[in-house]
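Colleague: Could you walk me through reading a protein model, feature by feature? I would like the general idea each time, then the case at hand.

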Amino acid sequence: MDQTKTPLFTALKEHAGRNPVQFHIPGHKKGVGMDPEFREFIGDNALSIDLINIAPLDDLHQPTGVIEESQKLAAEAFGADHTFFSVQGTSGAIMTMILTVCSEGDKIIVPRNVHKSVLAAIIFAGAKPVFLKPVRDESLGIDHGVTTKSVRRALEIHPDAKAVLIINPTYYGVCANLKEIVDVVHSYNIPVLVDEAHGVLIHFSNRLPMSAMQAGADMAATSVHKLGGSMTQSSVLNIREGRVNIMRAKTIISMLTTTSTSYILLGSLDCARRYLALNGKELADRALELASYAREEINRIPGLYCFGEEILGKEATYDYDPTKISIHVRHLGITGYDAENWLREQYNIEVELSDMYNILCLVTPGDTRENIDILLTALRRLSQENYSIRQANELVIKIPKIPQLSLSPRDAFYGDTEIIPFKESADRIIAEFIYVYPPGIPILLPGEVISQDLIDYITEHIEVGLPVKGPEDRSIENIKVIVETPAIF
């Protein structure tokens, strides 16, 4: 196929150029009917393609024209048999994967450190999660992926599972041996689903880890907007034929998608695909060169550490994406959250995330040497103001063991509940999520038993200012739990 073409975006520009008289939504009618300040800031070009699914522009829910052609081009670019555009973000694509293969009561094998969208889909499907324990890096205080050994063991115990879901790469850019895992799962004739939210570039460079489609996975939710140049909330779902019902996937993604699909987002996906297909290797090379420079310089700064190839060689650390710059700040005597706030206040720098011991910076094709130097200047000053002045924090891995899942997430989420003080909730079954976002990994999910260790762990995160979210009570002073029938004496 001709990857220089952008069927959808070209049609959008041609339609805007005809300047049709519109008697359809959106009601702002090319910006005329909206707030003037917003219109001036956004610009008339963008507003001229903020359109609805009229005949010349095809329909995402049942594409037969320019959207269908654009999705076929994307499938070829990503090495998939079928690609569907998502304007519900990668979360929508992840939910589609799970709801395509799982029905009520079905088992699905997933890492415990999955994104909350995975658990949301499990609740919607009524599926039963079988959790794999991710490998914890004791020196950095972060989780990596799961091992082939743990996947093989889970399949031996649960050969009736309907799917195995793998995160590749993790938020911090680390990969297990995906091809080996895929081969093991396929030996049971079970499909492999991949959360590839942070891996859009890896398909386009042999200097990066293997992509889901290259590894033979059956479905992959790939976030183009995060690192691939499309607009926020736009992603793709890549599918390989054989173990997945393509028509069911198409039906599910339509059920989860608004009927008022954004053509600005869709057009940005069309163009991002072209840019990656034609220039992906060069784009990845540019990001890798900048990341390599940043990593080398950061590791020269007293009190800071940015991991690289030295962490490789184990099952859970088979490969890594060097464009993820994870900076360990513990030896400065501050938390990652402290570092994030300091960078924002002192240098107007925004990082991707912070945790107790680290900050994460993403280097993408949108970065320049100037950007990196600004970050390095800030980090050098951060070191000067803290290293050997503050006492280094002791690395204390307080992550409690994975809680016992006593009810299915769906039964707990829709169960008979009551509100009690969070600090008095030990040994009760939670009926809502508690997670830190980013990265959006649940600490507790509906159906799990709350332990005192977890209460202490969550409280500590709240006290240092990390973004703990999820419960209806945003202060997390109270929590929703399953009603228990009191014992009769």
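Modeller: Gladly; we will take salt bridges, then a helix, then the nonpolar cores and a loop residue.

Modeller: This is a predicted model, in which local features need pLDDT of at least 70 and side-chain atom pairs count only at pLDDT 80 or more, while totals for chains, interfaces and linings use all residues. Residues are numbered from 1 along each chain as its sequence is written, and side-chain values use heavy atoms, with hydrogens and water left out.

Colleague: How many salt bridges are there, and by what rule?

Modeller: Side chains of opposite charge can pair when their charged atoms come close. The rule asks for a side-chain nitrogen of Lys or Arg within 4 Å of a carboxyl oxygen of Asp or Glu, and the count is 21 salt bridges. One of them joins Asp183 to Lys179, with the closest N and O atoms 2.9 Å apart.

Colleague: Where do Asp183 and Lys179 sit relative to each other?

Modeller: An α-helix has 3.6 residues a turn, so residues three or four places apart point the same way. Helices (H or I, at least four residues) and strands (E, at least two) are DSSP runs, numbered from the N terminus. Asp183 and Lys179 are four residues apart in helix 8 (residues 178-186), about one helical turn. Arg344 and Glu340 are also four residues apart, in helix 12 (residues 336-347), and their salt bridge brings the closest N and O atoms to 3.0 Å.

Colleague: Now a helix: which residues of helix 1 are buried?

Modeller: Helix 1 (residues 7-18) buries Pro7, Leu8, Ala11, Leu12 and His15. Seen down the helix axis, these buried residues fall within an arc of 130° (taken from the directions from the axis to the C-beta atoms), so they line one face of helix 1. They pack against helix 4 (66-78) and helix 11 (263-298), contact meaning heavy atoms within 4.5 Å. Just after helix 1, Asn19 takes a positive phi of about 50°.

Colleague: Which members of the largest nonpolar core touch the most others?

Modeller: A nonpolar core is a set of buried Ala, Val, Leu, Ile, Met, Phe, Trp, Tyr and Cys residues joined through side-chain atoms within 4.5 Å. The largest has 36 residues, of which Ile98, Ile108, Val118, Leu193 and Met219 touch the most other members. Elements giving two or more residues to this core include helix 5 (89-101), strand 2 (107-111) and strand 9 (219-222). Leaving aside neighbours within four places in sequence, Leu193 contacts residues including Met97, Ile98, Ile108, Leu165 and Met219. Another core, apart from that one, has 32 residues, among them Leu227, Tyr263, Leu276 and Leu283.

Colleague: And a loop residue: where is His144?

Modeller: His144 lies in the loop between strand 5 (142-143) and helix 7 (148-157). His144 counts as buried, at 2% relative accessibility. Not counting residues up to four places away in sequence, His144 touches residues including Asn113, Pro134, Asp137, Thr170 and Ile311.

Definitions and conventions. Buried means under 20% relative accessible area, exposed over 50%, partly exposed in between (1.4 Å probe, protein chains only).
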